[in-house]
Amino acid sequence: MEIKEISFADIAEHLAFKDMCDEYAAESGNADIGPACVNKCTYYALEKTGCCFSIGVYEDGDLVGFAVFFTQEHSHYSALIAICDAIWIAKPYRKGIAGLRLIRRVQSLAKEKGAKGVYFSAPEGSRLSMLFERLFQPKDRVFWAKSKG
């Protein structure tokens, strides 16, 4: 298994991109927002500015997982941080250490880019959420509220 920095195009232009997105949305989507519809242009634009980074997980040359994170200055601390926007591994590859290796690669690449740390999120009660609870120190909880008025 190879885990390496890639371009967002390596993910978005992959033949199985739609299937990957469908599986990702089924596991972590938000029905209140609507069906998943990845805005590739946003990712390409952020990548061009140097604040969006992608990592691919390959098995025998095939993309079987990915992570995408952004860097930004944290306005409360004037320090660069990373926010993991997406992290996904195909179900057949989730057993073993592939997921942990991907998480660690996000952390190391974020550090290479100058970030003090990474904010990760996962669906409440998911296996990924339970893994994050074992690996990391909880700092903030994220809550969803529909807009009112």
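Is Glu 23 buried, exposed or partly exposed? With a relative accessibility of 24%, Glu 23 counts as partly exposed; buried means under 20% relative accessible area, exposed over 50%, and partly exposed in between (1.4 Å probe, protein chains only).

The model is a predicted one: local features need pLDDT of at least 70, side-chain atom pairs count only at pLDDT 80 or more, and totals for chains, interfaces and linings use all residues. Residues are numbered from 1 along each chain as its sequence is written, and side-chain values use heavy atoms, with hydrogens and water left out.

**Stop 1: the sheet**

Select the strands. Five of them form an open sheet with mixed pairing, in the order β1-β2-β3-β4-β5. Helices (H or I, at least four residues) and strands (E, at least two) are DSSP runs, numbered from the N terminus. Two strands pair if DSSP finds at least two bridges between them. The edges are taken by β1 (2-6) and β5 (118-119); each has a single partner strand, so one side of each is left without a neighbour in the sheet.

Next, select β2 (residues 52-59) and β3 (residues 62-74), which pair in the antiparallel sense over eight bridges. Ile 55 has Ala 67 of β3 as its bridge partner.

Move on to β4 (79-89). Ten bridges join β3 and β4, again in the antiparallel sense. Here Phe 70 is partnered by Ile 83 of β4. Between the two strands of this hairpin there are four residues, and Ser 78 takes a positive phi near 50°.

The strands β4 and β5 run parallel and are joined by two bridges.

**Stop 2: the helices on the sheet**

Select α3 (residues 40-49). This helix lies across β1, β2, β3 and β4, at about 110° to β2. Axes are lines fitted to C-alpha atoms, for helices over the stretch in contact, and angles run from 0 to 180 degrees between N-to-C directions. Contact means heavy atoms within 4.5 Å.

α4 packs on the sheet as well, touching β1, β2, β3, β4 and β5, and its direction makes about 155° with that of β4. Together, β4, α4 and β5 make a right-handed β-α-β unit. Right-handed means that, with the strands pointing away from the viewer, the path from the first strand over the helix to the second runs clockwise.

Now pick Leu 102, in helix α4. Leu 102 counts as buried, at 0% relative accessibility. Leaving aside neighbours within four places in sequence, its contacts are Ile 3, Ile 55, Val 57, Phe 66, Ala 67, Ile 87, Trp 88 and Ile 89. From Leu 102 to Val 57 the distance is 7.3 Å, C-alpha to C-alpha, while in sequence they are 45 residues apart.

**Stop 3: helix α5**

Select α5 (residues 127-135), where Ser 129, Leu 131 and Phe 132 are buried. Seen down the axis of α5, these buried residues fall within an arc of 160°, so they line one face of the helix; the arc is that of the directions from the helix axis to the C-beta atoms. What covers them includes α4 (98-112). Arg 127, Glu 133 and Arg 134 are exposed on the other side of α5.

**Stop 4: salt bridges**

The structure holds eight salt bridges. A salt bridge is a side-chain nitrogen of Lys or Arg within 4 Å of a carboxyl oxygen of Asp or Glu.

Return to Glu 23 and show Arg 94: they form a salt bridge, with the closest N and O atoms 3.3 Å apart. Glu 23 is in helix α2 (residues 17-28) and Arg 94 in the loop between β4 and α4, 71 residues apart. Arg 94 is partly exposed, at 25% relative accessibility.

Glu 27 lies in helix α2 and Lys 91 in the loop between β4 and α4, so the pair ties together parts that are 64 residues apart in sequence. Lys 91 counts as exposed, at 53% relative accessibility. Glu 23, Glu 27, Lys 91 and Arg 94 are linked in a network of salt bridges.

Last, select Lys 146 and Asp 32, which form a salt bridge of 3.7 Å, N to O. Lys 146 is in the segment after α5 and Asp 32 in the loop between α2 and α3, 114 residues apart.
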